[in-house]
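Here is a short briefing to read with the model open beside you.

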Amino acid sequence: RGQDDLQILELDAKELSEEHVGTVDVIVTETFLGKPRKGHESCEELLKRRDDLVDFYSEILTPLRSVLSEDGTAVIAFPLFIHPDGDIELGLQDHLSKHGWKLEDRLIYKRNDQFTARDIFVMRGI
């Protein structure tokens, strides 16, 4: 597409409709990262948050995939919880294929003063 054909949509993933199916070439977004952290949460609390977020993302991964064009790419930032006993990933890689995605690349972005890092997935449809 030429630059004149460029159209930017700012939509909530839950607002996607049939008119958007297959029309989006690139998705770039940071998802809901969960309840703000104070930094003293227990591993158990963070694991519960992780499970809740995985359920939430499962609701939006399929609609997001449906709007992506055949050769489109998505770059999506998910949370990665920083904890002294070890970082807690969402484990979304295991869920991607059932929602029509394949992971092409993955980057972690975090700063020393953060309690929640960004786990950035570069994905394409399957």
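β1 (24–30) and α1 (43–67) each supply at least two residues of the lining of the largest pocket. Helices (H or I, at least four residues) and strands (E, at least two) are DSSP runs, numbered from the N terminus. The model is a predicted one, in which local features need pLDDT of at least 70 and side-chain atom pairs count only at pLDDT 80 or more, while totals for chains, interfaces and linings use all residues. Residues are numbered from 1 along each chain as its sequence is written, and side-chain values use heavy atoms, with hydrogens and water left out.

**The largest pocket**

- On a 1 Å grid over the protein atoms alone, a pocket is an open set of points with protein on both sides within 12 Å along at least five of seven lines, whereas a cavity is a set of points where a 1.4 Å probe fits but cannot get out; lining residues have an atom within 4 Å of a point.
- The volume of the largest pocket is about 820 Å³, a volume being the space filled by probe spheres set on grid points that are joined across faces, edges and corners.
- Its lining has 29 residues, and those nearest the centre are Leu 9, Val 24, Val 26, Ile 27 and Val 28.
- β1 gives the largest share of this lining, seven residues.
- By class, the pocket lining has 15 nonpolar, six polar and eight charged residues; Ala, Val, Leu, Ile, Met, Phe, Trp, Tyr, Cys and Pro count as nonpolar, Asp, Glu, Lys and Arg as charged, and the others, Gly among them, as polar.

**The sheet and its helix**

- The four strands make an open sheet with mixed pairing, in the order β1-β2-β4-β3; two strands pair if DSSP finds at least two bridges between them.
- β1 and β3 (101–109) are the edge strands, each pairing on one side only.
- β1 and β2 run parallel and are joined by six bridges.
- Across from Val 26 stands Thr 73 in β2.
- α1 packs on the sheet and touches β1, β2, β3 and β4 (116–125), with its direction at about 170 degrees to that of β2. Such angles run from 0 to 180 degrees between N-to-C directions, with axes fitted to C-alpha atoms, for helices over the stretch in contact.

- One cavity of 30 Å³ or more is found in the structure.
- Phe 78, Pro 79, Leu 90, Gly 91, Leu 92, Gln 93, Arg 106, Asp 119 and Phe 121 line the largest cavity.
- β2 and β4 each give at least two residues to that lining.
- Gly 91 sits in the loop between β2 (68–81) and α2 (93–96), and counts as partly exposed because its relative accessibility is 24%. Partly exposed lies between buried (under 20% relative accessible area) and exposed (over 50%), using a 1.4 Å probe and protein chains only.
- Gln 93 belongs to helix α2 and, at 30% relative accessibility, is also partly exposed.
- Beyond its neighbours within four places in sequence, Gln 93 contacts Leu 103, Arg 106 and Phe 121, where contact means heavy atoms within 4.5 Å.
- Gln 93 and Phe 121 are 28 residues apart along the chain, with 9.2 Å between their C-alpha atoms.
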